[in-house]
Amino acid sequence: MAALIAENFRFLSLFFKSKDVMIFNGLVALGTVGSEELFSVFAFNCPCSPARNYIYGLAAIGVPALALFLIGVIWNNHTWNVVAECHKRGTKNFSTAATFLLFGSIMGRAAVAPVTWSVISLLRGEAYICALSEFVRPSSLDKFPVEYGAEVLARFPCKDVPANLTRYRDDVTRRLRYESQLFGWLLIGIVAVLVFLTKCLKHCCSPLSYRQEAYWGQYRSNEDKLFRRTAEVHSRILAAKNVKQFFGFVALDKEEKELVQEFPVEGVQPSPQWNAITGVYIYRENKGFPLYSRLHKWAKGVEGNGPSPEGHEMLFLAS
């Protein structure tokens, strides 16, 4: 049972790290929708009190969106490539266009979940109604009793109002839900236009043909999978050798014994090699031949990452 669970988690991990960004973003959006629905059903509870409604309503929309955005930034491999690049080499190798595309890629991927959360919250309307009910002008309501003010309006989301104000509560709720849903649909439209323009700009500015860019994406995906798989085996064999040297023996299962016998590991890679293959990679060509990654460039013995007279550059955004 434990092996089956581990295998399922491994499959999900590989799937979420695959090159199909659209499927990944779709699943993130669906997960966010489900989370928002659960939050609305079980956690959202408007205080129905002046001054508190506004803070609570905005927090219900903004705080989860901010948390999801930060999680998206942390989860993105490009973030840590940027950190490694700035730590090891600085930003001297970044052109303005490359820097813009890089941070656009990180922010865009991280924005999927928070935008989805905000859209669903606005379409549902509960948080918006809670936040703004007390700010509805009584004069905008037909024959609203003058003795009632913001304190009564703040209780409208909880339906805790005098019987003679039920009609006004329904009008206020309907008006605020209309505004909330309008903002939600506008946000969807703006995001759709931005995504379309970004895709067009990316392909128009790319120095590669569509087929070569697709091949580049396949290469990077396969290189990443093979590197991770090989690194796991290498580290396991190295750990087995060190444990054996300490204890005099090492307890290996059948699969691990086969790995130790099949792949002899003599030592570890020096730090300069790790530094050479770590960090942000800007697409380069060497004498007309493409270099698809830092590992590819290291294997070919090409030094540096600065622009060359015959080189092109394009930030890799497909994974």
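**View 1. Helices α6 and α9 are roughly antiparallel to each other.** The structure is a predicted model, in which local features need pLDDT of at least 70, side-chain atom pairs count only at pLDDT 80 or more, and totals for chains, interfaces and linings use all residues. Residues are numbered from 1 along each chain as its sequence is written, and side-chain values use heavy atoms, with hydrogens and water left out. The axes of α6 (residues 112–124) and α9 (residues 166–205) come within 7 Å and cross at roughly 150 degrees; angles over 145 count as roughly antiparallel. Axes are lines fitted to C-alpha atoms over the stretch in contact, with angles from 0 to 180 degrees between N-to-C directions. Helices are DSSP runs (H or I, at least four residues), numbered from the N terminus.

**View 2. Residues of α6 meet residues of α9.** On the α6 side, Val115, Ser118, Val119, Ser121, Leu122, Leu123 and Arg124 take part. Their partners in α9 include Arg177, Phe183, Trp185 and Val191 (contact: heavy atoms within 4.5 Å).

**View 3. Phe144 and Phe156 have the most contacts inside the largest nonpolar core, which has 21 residues.** Such a core is a set of buried Ala, Val, Leu, Ile, Met, Phe, Trp, Tyr and Cys residues joined through side-chain atoms within 4.5 Å; buried means under 20% relative accessible area (1.4 Å probe, protein chains only). At least two residues each come from α3 (52–75), α7 (126–132), α8 (150–153) and α9. The largest share, four residues, is that of α7.

**View 4. Phe156 touches Phe144, Val161, Leu165, Tyr168, Arg169 and Val172.** Residues up to four places away in sequence are not counted.

Conventions. Angles under 35 degrees count as roughly parallel, over 145 as roughly antiparallel, 65 to 115 as roughly perpendicular and the rest as oblique. Buried means under 20% relative accessible area, exposed over 50%, partly exposed in between (1.4 Å probe, protein chains only).
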